[in-house]
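Let's take a walk through this model together, with the sequence and the fold side by side. Have a look at both before reading on.

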Amino acid sequence: MVDDTTDTPPADEDRNDVDLCLRHVTQLFPEALARAALPPGTDFKVVGWSETQLAARQRRMDRVLTVQLPAGPHRIHYEWELTWDAGIAFRVFEYHFLHALAASSPHKGATLPPTHESHVVVLSGPESPLPTEGAYRTTAAHSPFGGVPFVIDAVYQRTVAELGARGPLWLMFAPLAHDATPDAMPRVLEDLRAQVPSPRHFRELAIASLVLADADGRERGLRTFLEACLPREVVVKSWVYQQGQQKGVEQGIEQGLRWMRDALYATLAARKIRVTAARRQQIESETRPEVLTGWLERTATATRLADVLGPRPAS
């Protein structure tokens with residue numbers, strides 16, 4: 001069991017891309033997530049996803065899956081991590097505590113609040129085996145354990161066959177498996193298509209496997225071999241692709257605005273027109289391309305900043 005390990009944390013942008021993708025795709029397979037978390041043969045019924053926010057903390061937490069067990073409601077929290085880091089144990093403890101607090105507040109002792117469990121799915125990391133259990137301990141070492149235990153599922157240390165045996169949801173992690181090869185990728189997609197009757201579900205799982213291939217810490221370039229097996233219409237119809245396309249458009253617009261602002265500063269400097277801090281703030285806050293274009297055009301004949309930006313804004 002581990003409660004502390006260090007590693008270099010991934011870039012926030014990479015983490016957010018993978019987290020967004022997995023949050024979307026896994027919501028399509030609540031039964032598979034619950035079945036993976038619960039003991040074999042457990043009788044359960046999926047109630048749905050919940051997302052809670054504590055006003056006192058202004059903290060929006062991960063969505064959790066609620067299932068109904070014979071003993072009562074039970075909540076399953078999945079944490080998706082690009083790699084293991086020392087802060088994970090505390091984050092799981094915090095999620096667990098806040099979810100429990102939020103879930104218990106409406107009950108006020110009338111009925112028992114839902115029970116909770118947490119699973120951390122690790123996508124990359126050291127080759128040496130990670131333990132299958134972790135914990136955040138709140139009691140002293142000489143006292144009985146108190147705190148939050150959680151399951152560690154290092155999917156990147158599994159084989160393609162092991163992931164496939166767990167079902168299609170877990171097969172999407174195949175590009176991260178330690179024995180994943182270019183030759184295995186077409187078979188992975190074939191197995192996904194055979195196991196998932198819904199074209200939409202296959203599409204989202206297949207594209208998620210592309211996103212996960214990019215997160216491969218071993219950098220084997222398996223995305224190329226997956227893409228070669230997917231028709232373009234499968235890619236462009238996926239939710240993940242459309243989100244990425246929108247993000248690219250937004251980034252392109254921002255890059256264009258940045259270029260216009262930089263060109264404006266350079267032209268003003270060449271004409272020896274000083275830009276005050278207040279005017280620089282005016283330029284930086286302007287997001288309309290047509291306005292920035294107009295300012296650039298005025299610099300050709302301007303002798304002072306007001307000729308370009310107009311009268312100074314009222315403070």
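How many of the 12 residues of β5 are buried? Keep that in mind as we look around; please remember, too, that this is a predicted model.

In β5, 11 of the 12 residues are buried, with buried meaning under 20% relative accessible area. The strand is therefore largely enclosed by the rest of the structure. For the chain as a whole, 43% of the 315 residues count as buried.

**The sheet around β5**

The chain has 13 helices and eight strands. Six strands make an open sheet with mixed pairing, in the order β1-β4-β5-β6-β8-β7. At its edges stand β1 (45-50) and β7 (133-137); each has a single partner strand, so one side of each is left without a neighbour in the sheet. On average, neighbouring strands of this sheet are turned by 30° against each other, direction ignored.

| Strand pair | Direction | Bridges |
|---|---|---|
| β4 and β5 | antiparallel | five bridges |

Leu65 has Ile76 of β5 as its bridge partner. Toward β6, His74 stands opposite Thr115, and Glu79 is bridged to Val120.

A helix also packs on this sheet: α2 (residues 30-37) touches β1, β4 (64-69), β5 and β6. The direction of α2 makes about 90° with that of β5.

**The cavities**

The structure holds two cavities of 30 Å³ or more. Inside the largest cavity lies about 110 Å³ of space. Its lining has 10 residues, and Arg23, Thr26, Trp49, Arg63 and Trp80 are the closest to its centre.

Which element supplies the largest share of the lining of the largest cavity? It is β5 again, with three residues. Both α1 (12-26) and β5 (72-83) supply at least two residues of that lining.

**Across the chain**

Finally, a word on contacts along the sequence. Taking contacts between residues at least 6 apart in sequence, 62% join residues at least 24 apart.

Note on methods
Residues are numbered from 1 along each chain as its sequence is written. This is a predicted model: local features need pLDDT of at least 70, side-chain atom pairs count only at pLDDT 80 or more; totals for chains, interfaces and linings use all residues. Side-chain values use heavy atoms; hydrogens and water are left out. On a 1 Å grid over the protein atoms alone, a cavity is a set of points where a 1.4 Å probe fits but cannot get out, and a pocket is an open set with protein on both sides within 12 Å along at least five of seven lines; lining residues have an atom within 4 Å of a point. Grid points are joined across faces, edges and corners, and a volume is the space filled by probe spheres set on the points. Helices (H or I, at least four residues) and strands (E, at least two) are DSSP runs, numbered from the N terminus. Two strands pair if DSSP finds at least two bridges between them. Axes are lines fitted to C-alpha atoms, for helices over the stretch in contact, and angles run from 0 to 180 degrees between N-to-C directions. Contact means heavy atoms within 4.5 Å. Buried means under 20% relative accessible area, exposed over 50%, partly exposed in between (1.4 Å probe, protein chains only).
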